[in-house]
Amino acid sequence: MMKFFSLPSLFFLLAIQATVAQDVKINKRVDSLMKLMTLEEKVGQLNQYSGSVVTGPVNDAKTNMLNDIKQGKVGSMLNVRGVKDTREIQAVALQSRLKIPLLFSLDVIHGYKTIFPVPLAEAASWDLDAIKSAAHIAAKEAAASGIHWTFAPMVDVGRDPRWGRVMEGAGEDTYLGSKIATARVKGFQGEQLGGLDAIMACAKHFAAYGAAIAGRDYNAVDLSNQQLWETYLPPFKAAADAGVATFMNSFNTINGIPATGNSYLQRNILKGKWNFGGFVVSDWGSIAEMVPWGFAENQKDAALKAITAGSDMDMESLAYKNNLVKLVNEGAVPIALVDDALKRILYQKFLLGLFDDPYKFSNLAREKKVMADVKHPQIAREVAEKSIVLLKNNGQLLPLTRDTKNIVVIGPLAHSRKDMEGGWIVASDTTKVTSLYEGLVAKAGKNVKFTYVEGCGINGMSTAGFASAVAAAKSADLVIMALGESAEMTGEAKSRTDIHLPGVQEDLFVAVKATGKPVVSVLMAGRPMIFNKVADQSDAIVYAWLLGEQAGHAIANVLYGDYNPSGKLPSTFPRSVGQIPLSYQTYNTGRPVTDPKDIRYKSGYIDELNSPRYAFGYGLSYTTFNYTNLKSSATTITLTPESTVQLSFTLTNTGKYAGAEVVQLYIRDLVSSVVRPVKELKDFQKVMLKAGESTTITFTIDKDKLSYFNQDLHWVAEPGAFSLMIGSASDDIRLSATLNLTQ
Ligand code: GLC
């Protein structure tokens, strides 16, 4: 009897068929081109140069860049942007013998012209659709400006807030980080590369860069293979599964082997086990940096080790340009390795359509039109609002009303525009940024008198401004303090040994608070900071990260209740630097502290609590939510893949404001052949409810959610008991159940 396909599966089959046909066609074109290429031209495609704006140590060995491009010795450029400049340089590449077009790449990390919140802030929204839409807008604007490829998303799990690059990632959690990696790749690349609103994404920095010893950038990483597989690799695997076109390797070593020379990482795992078909670009100069690492004797040895380990393109170290031809001619490097790297790179150029139209992404009229799209700033504001985390709200001081007529806005970040943009801004217009003070005046300035007083510098030690700040506070009804880090203090090569509020900002807060006026503290930074006096003494606190060009409007909308804050912390906030590294995925140990007052012969500190200042997943709302009526479809499941449990409960908005809650599912394997953390995030849902509204939430638990990498690095679920926990934060479990897994 004829089997009728459902319409969706028919479309799915047709889509698969089209992709396979395209793949065959492109591979044919790649093979034909490669047959024409000399060894020099092949090596040229593996070489990437930076334009005049540098994002790493300047390589003065680069003498005549345009001449090299004309001779086909360059395959890609980074840090060249805009239709005018990309057209000019592409025209030079098309003078080469085979007219192979360049790939133009750029660090479009949280927006191109429209600047969104820094990635860690976006992660605090736990809103995958919002995160995806931010990446899509960034792609549209970059693609309209001649850019083919962004060096994003950065998917490094970051559990050490001393490391400045935690700003660029999705926080400390592997599961949340994996979901966000998928959302960002899909946002940048769309469903299919080649369209005018899609650019190649790049999963970076492969791998475990976030585990740099002592949180010091570019430092070594020492960790077990089990930790590598369990904590740091999954977001990369998620990016690969989402179809990311490229990977970028990392500056660090992993157990003594530099990532860029690490065959286990790039060949066994990425191109082998994961069957990755895209290409790997080294991070800036990382190939040649294997010499100072003491892993390569000289640049030539570094080139040999890198190409052997699967680094396909050399960013800015010139190691490939200067040595690969010799290495192949000497027989030290099989031409097959060069051909494999070349094939991966050319495939992407054909896929983007650059051989059919090298200027496809460089159209002045489109560039102008896309940059003027008014929807982009609107969406940037929405994403910023969703990223804000309400940490404290004593006596429901927030949301503010217009009855509060006289407000002073104090602090070095209160009226700053450039710091709101954070790091890695590529084409922004700082004059378009709204400071907190400007956002407040725009929101309520007609009815409320706002006064701005800086009070002190971000980093300076001068207290000369305190008196005027205190005087202004005394004559106000309420104080809003904007405190935190500058944009210069976050991102690459910005590690800090002390993550307290910089300078004398906390002293300024204490002086102002001593006036007795109600104080709303707005904390701004690209990392978790320590601010215990502010945390203890403020009446209300919002963590506003570095929210991009719409910062002022978004914070004002939250403070005045036009947006009910829904953010949750994607990272643990320690009480002191001495607790670092500190994650909610802690181990029980053999001597757990049950009573913080009794740590004798227990795993605690004599001078600090074990608990964080603010926990992973924590964030308040102007309303409240009740979790009731937990039901489990079974208390026992078997090891078969189709055996699942439905865990459902009722969520009710019990307050007077509509609001969104991020409900979180944590699981603990109570007894296992390798000890497990006391909890691991395994699912979440962000749910919007009207005041008084209830809904049923269901989580499906399958074998995969109960699995982990055992001592042999096999992904296994072991029979036994599991604790299932549903909470509003990792330290605020509302409902729990036990599940038994049997053979
Ligand atoms: C930098 C960064 C990397 C960036 C690259 C190009 O050193 O480590 O994240 O994409 O160089 O700017």
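User: Which residue does Lys386 form a salt bridge with?

Analyst: In this predicted model, Lys386 forms a salt bridge with Asp127, and the closest N and O atoms of the two are 3.2 Å apart. The pair links distant parts of the chain, since Lys386 belongs to helix α15 (residues 375–387) while Asp127 sits in the loop between α5 (119–123) and α6 (128–143), 259 residues apart.

User: And Asp127, is that buried or exposed?

Analyst: Asp127 counts as buried, because its relative accessibility is 14% and the cut-off for buried is under 20%. Lys386, at 23% relative accessibility, counts as partly exposed.

User: How many salt bridges does the structure hold?

Analyst: The structure holds 35 salt bridges. One of them joins Arg162 to Asp160, with the closest N and O atoms 2.6 Å apart; Arg162 is buried at a relative accessible area of 17%, and Asp160 is buried as well, at 6% relative accessibility.

User: What about Lys186 and Glu191, how far is it from N to O there?

Analyst: The side chains of Lys186 and Glu191 meet in a salt bridge at 3.9 Å, N to O. Lys186 counts as partly exposed at 25% relative accessibility, whereas Glu191, at 62%, counts as exposed.

User: Switching to the ligand, which residues come nearest?

Analyst: There are 14 residues around the ligand, and those that come nearest are Thr55, Asp107, Arg165, His205 and Asp283. A polar side-chain atom of Asp107 lies 2.5 Å from an oxygen atom of the ligand. For Arg165, an N or O atom of the side chain is 2.8 Å from a ligand oxygen, and for Lys204 the distance from such a side-chain atom to an oxygen of the ligand is 2.8 Å.

User: How much of the ligand does the protein bury?

Analyst: Taken alone, the ligand exposes 310 Å², and the protein buries 100% of that.

User: Okay, the nonpolar core: which residues touch the most other members?

Analyst: The largest nonpolar core has 184 residues, and Phe247, Ile410, Ile480, Met524, Phe531, Tyr543 and Leu559 touch the most other members. Helix α13 (residues 335–352) gives the largest share of this core, with 10 residues. Apart from it lies another core, of 24 residues, including Phe625, Ile701, Ala717 and Leu724.

User: What does Ile410 touch?

Analyst: Leaving aside residues up to four places away in sequence, Ile410 touches several residues, among them Val453, Ala469, Ile480, Leu508 and Val512, and also Glu454.

Notes: Residues are numbered from 1 along each chain as its sequence is written. This is a predicted model: local features need pLDDT of at least 70, side-chain atom pairs count only at pLDDT 80 or more; totals for chains, interfaces and linings use all residues. Side-chain values use heavy atoms; hydrogens and water are left out. A nonpolar core is a set of buried Ala, Val, Leu, Ile, Met, Phe, Trp, Tyr and Cys residues joined through side-chain atoms within 4.5 Å. Buried means under 20% relative accessible area, exposed over 50%, partly exposed in between (1.4 Å probe, protein chains only). Helices (H or I, at least four residues) and strands (E, at least two) are DSSP runs, numbered from the N terminus. Contact means heavy atoms within 4.5 Å. A residue is near a molecule or strand if one of its heavy atoms lies within 4 Å of it. A polar contact is a pair of N or O atoms within 3.5 Å; within protein, one must be able to donate a hydrogen and the other to accept it, and residues adjacent in sequence count only if both atoms are side-chain atoms. Accessible areas come from the Shrake-Rupley method with a 1.4 Å probe; for residues, only the protein chains shown count as cover. A salt bridge is a side-chain nitrogen of Lys or Arg within 4 Å of a carboxyl oxygen of Asp or Glu.
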